[in-house]
Amino acid sequence: EQADGIRANDLHVIQNNRTSSYEVTLTTLDGDRTYLATKCPLRDVSGQVIGMFGISRDITERKEKEEALRKSEEKFSKAFQASSAAITIASVDDGRYIDVNDAFLEISGYKKEEVIGHTSTELNVWVNPGDRQKYIDTLSRQGSLRNYELSSRMKSGEIRHFLTSTEFIELQEK
């Protein structure tokens, strides 16, 4: 069955006179392996297609790493959203919100689209304007914060007092 699929792809390259790249998973003595195959038409001196040639690269390890990363991201996302604690991901530089969970939205009174892409300063969450810089300075000096006391202004204007914990995380730019 696997050989029939490979032959069909080879025939497609020859009949359509086009290069084709595709992934194929093959069962070997060592288990399933995934290959990235690139097949090209083979032409004679007159340009007539007389066959095809190709190269395949074993990408099993890469695919396994991609799947492990996908599962890890899925676990993080589920934990992030399911947490009853308010969680935000924001840039250190300007406090721009990258993501917030539902608990944060419920507590703060904001809708997600009102928060994402905006800064904490734009939303006026800092009761005292200098508190953000003090918070960032302490975070930078200590590397993380545990049970740090701060006051925040909710969307309604109500001021609430919190104990917050903060960690630096490195995000890959997309």
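User: Which residues does leucine 42 touch, not counting residues up to four places away in sequence?

Analyst: Contact means heavy atoms within 4.5 Å. Leaving out residues up to four places away in sequence, leucine 42 touches Gln48, Val49, Ile50, Gly51, Met52 and Phe53. Leucine 42 sits in strand S2 (residues 31-43); strands (E, at least two residues) and helices (H or I, at least four) are DSSP runs, numbered from the N terminus. Before we go on, this is a predicted model: local features need pLDDT of at least 70, side-chain atom pairs count only at pLDDT 80 or more, and totals for chains, interfaces and linings use all residues. Residues are numbered from 1 along each chain as its sequence is written, and side-chain values use heavy atoms, with hydrogens and water left out.

User: Is leucine 42 buried, partly exposed or exposed?

Analyst: Buried means under 20% relative accessible area, exposed over 50%, and partly exposed in between (1.4 Å probe, protein chains only). Leucine 42 has a relative accessible area of 36%, so it is partly exposed. Serine 151, in strand S6, counts as buried because its relative accessibility is 18%. Not counting residues up to four places away in sequence, serine 151 touches Val125, Val127, Ile159, Arg160 and His161.

User: Where does asparagine 147 lie, and what is its phi?

Analyst: Asparagine 147 is in strand S6. Its phi is positive, about 55 degrees, although asparagine 147 is not a glycine. At 53% relative accessibility, asparagine 147 counts as exposed.

User: Which residues touch the most other members of the largest nonpolar core?

Analyst: In soluble globular proteins, nonpolar side chains tend to be buried together. A nonpolar core is a set of buried Ala, Val, Leu, Ile, Met, Phe, Trp, Tyr and Cys residues joined through side-chain atoms within 4.5 Å. Of the 15 residues in the largest one, Tyr97, Val100, Phe104, Val115, Leu123 and Tyr135 touch the most other members. Strand S5 (97-100), helix H3 (102-108), helix H5 (131-142) and strand S6 (144-153) each supply at least two residues of this core. Apart from it lies another core of 5 residues, among them Tyr22, Leu26, Tyr35 and Ala37.

User: How much space lies in the largest pocket, and how many residues line the largest pocket?

Analyst: On a 1 Å grid over the protein atoms alone, a pocket is an open set of points where a 1.4 Å probe fits, with protein on both sides within 12 Å along at least five of seven lines; lining residues have an atom within 4 Å of a point. About 1,700 Å³ of space lies in the largest pocket. Its lining has 47 residues, of which Ile87, Thr88, Ile89, Ala90 and Asp99 lie nearest its centre. Helix H2 provides the largest share of this lining, 7 residues.

Terms used:
Grid points are joined across faces, edges and corners, and a volume is the space filled by probe spheres set on the points.
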